[in-house]
Amino acid sequence: MENRLRLLWSLQQVDSSLDELQEMKGDLPGIVKELNDKIQTIVRQKKELEETIKRAFVKRDETDVEILSLKEKIEKYKAQQFQVKTNKQYDTLGREIDQSQERIATLTSEMEILEGKAGVAKGDVEKLGPELEALEAEFKDRDKELQEVNKEHEDEELRLNHQREKIVARVQKNDYQMYERIRKAKDGRAIVPVKRNACGGCFNRVPPQRVLELRKNNALMTCERCGRVLVSDEIAAAKPEGL
Ligand SMILES: [Zn+2]
């Protein structure tokens, strides 16, 4: 039992050190990720808008060509109208001319709608440009900051994680599950020493009789108020396992 308690206390110390490192990084990892997500979204939006503009240009060129050829046809029909011999032939050409003119009108209005859309898209792209630039600049700064913090603590973090693995390998499965559960619920601190007859986690008074029991290091005792596992001074003062 004493060994179980020592292992849990060691694990707690390693985790507390890792938590401290994490705290030093503060909100930076989250901020950097959020900035990156925003940038990706805008890049995607911008690309879609640019595609819309490109498609509009292609379509406009095609429409221009079609209108031009329709106009040529109309001219041709008009010239032919002077040469025909019957009214029927004349009327047939007249209908061809009308149809071509209708088609030109349709194409023209379609092109106007398309140009309107392209114009809006162009305005949106222009607005996104500076926004993207600002975000990219901020991302660069924050990311650099984060890399510096990471680099500064890289070795320490690696060492602690390695240590943690070694300790976890020796902790009983049930103990580990209990530890993780309490740690999650209690602000990262699952194992606390009793200091001056009080729980080191919530400072609730621990009755002298229980303190005496605790000093035997042969039972897993929890604080009656906060539920954290209590360890004796002796265990808390000992050189941590694997450190
Ligand atoms: Zn407590």
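1. **The spacing of the zinc donors.** Along the chain, the donors of the zinc ion follow the pattern C-x2-C-x20-C-x2-C. Please keep in mind as you read on that this is a predicted model. Which residues stand behind the letters of that pattern? The protein donors are Cys 199, Cys 202, Cys 223 and Cys 226, each through its SG atom. These atoms lie 2.2 to 2.3 Å from the zinc ion.

2. **The arrangement around the zinc ion.** What angles do the 4 donor atoms subtend around the zinc ion? They run from 103 to 116°. Four donors count as tetrahedral if all angles lie between 85 and 135 degrees, and the arrangement here is therefore tetrahedral.

3. Are Cys 223 and Cys 226 buried or exposed? Buried means under 20% relative accessible area. Cys 223 has a relative accessible area of 5%, so it is buried. Cys 226 is buried as well, with a value of 9%.

4. **Helices α2 and α3.** Now turn to the helices. Helix α2 covers residues 28–83 and helix α3 covers residues 87–170. Their axes come within 5 Å and cross at roughly 160°, which means that α2 is roughly antiparallel to α3. Angles over 145 degrees count as roughly antiparallel. The crossing of these two helices is left-handed.

5. **What the α2 and α3 contact is made of.** How do the residues of the contact of α2 with α3 divide? There are 31 nonpolar, 9 polar and 20 charged residues in it.

6. **Helix α1 against α3.** Helix α1 takes in residues 2–25, and it packs with α3 at an angle of about 160°. The axes of this pair are 10 Å apart. Because of that angle, α1 and α3 are roughly antiparallel to each other. As for handedness, α1 passes α3 in a left-handed crossing.

7. **Helix α1 against α4.** How do the axes of α1 and α4 meet? They come within 11 Å and cross at roughly 40°. That angle makes α1 oblique to α4. Is the crossing of α1 and α4 left-handed or right-handed? Here α1 passes α4 in a right-handed crossing.

8. Leu 11 is found in helix α1. It has a relative accessible area of 0%, so it counts as buried.

9. Ile 39 belongs to helix α2. With 6% relative accessibility, Ile 39 counts as buried. How far apart are Ile 39 and Glu 66 in space? Their C-alpha atoms are 41 Å apart, and the two residues are separated by 27 residues in sequence.

10. **A leucine in a loop.** Leu 220 sits in the loop between α5 (208–215) and β3 (221–222). Its relative accessible area is 27%, so Leu 220 is partly exposed. Leu 220 and Asp 64 are 156 residues apart in sequence, and from C-alpha to C-alpha they are 86 Å apart in space.

11. **Asp 187 and its backbone angle.** Asp 187 is not a glycine, and yet it has a positive phi of about 60°. Where does this residue lie? You can find Asp 187 in the loop between α4 (173–185) and β1 (191–195). Exposed means over 50% relative accessible area. At 72% relative accessibility, Asp 187 therefore counts as exposed.

12. **Arg 196 and its backbone angle.** Arg 196 is a residue other than glycine with a positive phi, near 45°. The loop that holds Arg 196 runs between β1 and β2 (198–199). Is Arg 196 buried or exposed? Its relative accessible area is 83%, so Arg 196 is exposed.

Methods: Residues are numbered from 1 along each chain as its sequence is written. This is a predicted model: local features need pLDDT of at least 70, side-chain atom pairs count only at pLDDT 80 or more; totals for chains, interfaces and linings use all residues. Side-chain values use heavy atoms; hydrogens and water are left out. Axes are lines fitted to C-alpha atoms, for helices over the stretch in contact, and angles run from 0 to 180 degrees between N-to-C directions. Helices (H or I, at least four residues) and strands (E, at least two) are DSSP runs, numbered from the N terminus. Angles under 35 degrees count as roughly parallel, over 145 as roughly antiparallel, 65 to 115 as roughly perpendicular and the rest as oblique. A crossing is left-handed if the near helix is turned anticlockwise from the far one by less than a right angle, and right-handed if clockwise. Ala, Val, Leu, Ile, Met, Phe, Trp, Tyr, Cys and Pro count as nonpolar, Asp, Glu, Lys and Arg as charged, and the others, Gly among them, as polar. Donors are N, O and S atoms within 2.8 Å of the metal (3.2 Å for Na, K and Ca); water is not among the atoms, so sites may look incomplete. Four donors count as tetrahedral if all angles lie between 85 and 135 degrees; four count as square planar and six as octahedral if opposite donors are over 155 degrees apart and all others between 65 and 115; anything else is irregular. Buried means under 20% relative accessible area, exposed over 50%, partly exposed in between (1.4 Å probe, protein chains only).
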